[in-house]
Amino acid sequence: MGTIAKLENVSKEYKVGDQTLIALQPTTLEVREGELLLIIGPSGSGKTTLLSLLGCVIYPTAGKLWVEDNFVNDMSQSQLSRVRLNTIGFVFQNFNLLAPLNAEQNIAMPLQLMGKSGKEADKKVKGALELVGMTDRKNNLPKQLSGGQQQRIAIARALVTDPKLVLCDEPTASLDKDSMGVVMQELRALAERGKAVAVVTHDPRLKQYAHRIVEVNNGIAKEVTDF
Ligand SMILES: Nc1ncnc2c1ncn2[C@@H]1O[C@H](COP(=O)(O)OP(=O)(O)OP(=O)(O)O)[C@@H](O)[C@H]1O
Ligand SMILES: [Mg+2]
């Protein structure tokens, strides 16, 4: 199946004061349809940095990055926001739910941004709520939900547009073991139905759900072949 994202010697540096911090060393990687790619590694190793590059949230410092045939290096912020809206579903490490909107409205947000409303949109939102088992809490504001429930709403919001590339930053961190299994099974099934799914975690128990694994240590990303 096809390649959705491609990194060629992509690195990311941050300037902090007069210091330069290398968050990601030059990395070459492909993310393909039909695969759940697990990105694993300790805290501060560069996992979110790698995911944010794939998600067109940040630009590479060096190297070449393509997402869905778009050459990210040369694109404007507004072009990138269109790629994010049309191609990518992102579950952020801190959920990023909009506080004044209830669960259902949060999930509907990307469809609204796409100019989609009415029966078809309602049906998609309903399906996404069902998928994460949150139908009965659809009228709740984020602050009225537990961390795990907010995480499930964030997952539903990422999937509601049916994106080709699904990126999840620690999607199971706030979930108990059973909910974790349900979410990971669903993400793996999604991949097997043809999507490209990348999941960031520091939890080795998630390895069993992966088709491929990349381990990040101190900014160095390496593919793991035996797991
Ligand atoms: N915007 C930023 N400005 C400066 N440094 C940053 C920035 N974002 C990340 N870093 C640094 O880059 C390194 C990698 O950060 P990153 O968030 O990718 O780690 P991570 O593997 O996701 O960690 P965690 O598991 O704790 O979420 C860290 O040293 C971090 O402090
Ligand atoms: Mg992180």
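This is a predicted model: local features need pLDDT of at least 70, side-chain atom pairs count only at pLDDT 80 or more; totals for chains, interfaces and linings use all residues.

1. I begin with Val-16, whose place is in strand β1 (residues 3-16); helices (H or I, at least four residues) and strands (E, at least two) are DSSP runs, numbered from the N terminus. Val-16 is exposed, with a relative accessible area of 52%, where buried means under 20% relative accessible area, exposed over 50%, and partly exposed in between (1.4 Å probe, protein chains only). Together with Tyr-14 and Leu-21, Val-16 forms a nonpolar patch on the surface, with about 270 Å² of accessible area for the three together. Patches are made of residues with over 30% relative accessible area and no salt bridge, like charges being joined within 9 Å and nonpolar side chains (Val, Leu, Ile, Met, Phe, Trp, Tyr) within 5 Å, and accessible areas come from the Shrake-Rupley method with a 1.4 Å probe, only the protein chains shown counting as cover for residues.

2. Residues are numbered from 1 along each chain as its sequence is written, chains are lettered from A and ligands numbered from 1 in the order in which they are written, and side-chain values use heavy atoms, with hydrogens and water left out.

3. Strand β1 has two pairings to check, and two strands pair if DSSP finds at least two bridges between them. With strand β2 (residues 19-32), β1 runs antiparallel and is joined by 10 bridges, and Lys-15 stands opposite Thr-20 in β2. β1 and β2 form a hairpin with 2 residues between them, and Gly-17 in the turn has a positive phi of about 65°. With strand β4 (residues 62-67), β1 pairs in the antiparallel sense over 5 bridges, where Leu-7 stands opposite Leu-65.

4. An open sheet is formed by 6 strands in the order β6-β7-β8-β3-β9-β10, with mixed pairing. β6 (88-91) and β10 (220-224) stand at the edges, each with a single partner strand, so one side of each is left without a neighbour in the sheet. Neighbouring strands of this sheet are turned by 15° against each other on average, direction ignored; axes are lines fitted to C-alpha atoms, for helices over the stretch in contact, and angles run from 0 to 180 degrees between N-to-C directions.

5. How is strand β3 covered on its two faces? In β3, 6 of its 6 residues are buried: Glu-35, Leu-37 and Ile-39 lie on one side, and Leu-36, Leu-38 and Ile-40 on the other. In general, side chains in a regular strand alternate between the two faces of the sheet. β3 runs parallel to β8, joined by 6 bridges, and Leu-38 stands opposite Val-199 there. β3 (residues 35-40) also pairs in the parallel sense with β9 (residues 212-217) over 4 bridges; in β9, Leu-38 stands opposite Ile-213, and the bridge partner of Ile-39 is Val-214.

6. Helix α1 (residues 47-54) lies across β3, β6, β7 (165-169), β8 (196-201) and β9, and runs at about 155° to β7. Helix α2 (residues 77-87) lies across β6 and β7, and runs at about 85° to β6.

7. The count of salt bridges comes to 11, a salt bridge being a side-chain nitrogen of Lys or Arg within 4 Å of a carboxyl oxygen of Asp or Glu. Asp-162 and Lys-195 meet in one of them, at 2.8 Å from N to O. This pair links distant parts of the chain, 33 residues apart, with Asp-162 in the loop between α5 (147-159) and β7 and Lys-195 in the loop between α6 (177-192) and β8. Asp-162 is exposed at 55% relative accessibility, whereas Lys-195 is buried at 15%.

8. Further salt bridges deserve a look. Arg-188 and Glu-192 have their closest N and O atoms 3.3 Å apart, and both lie in helix α6, 4 residues apart, about one turn of the helix. Lys-6 forms a salt bridge with Glu-8 at 3.9 Å between the closest N and O atoms. Finally, Glu-30, Arg-32, Glu-35, Arg-212 and Glu-223 are linked in a network of salt bridges, and Glu-35 is among the buried residues of β3.

Technical notes. Contact means heavy atoms within 4.5 Å.
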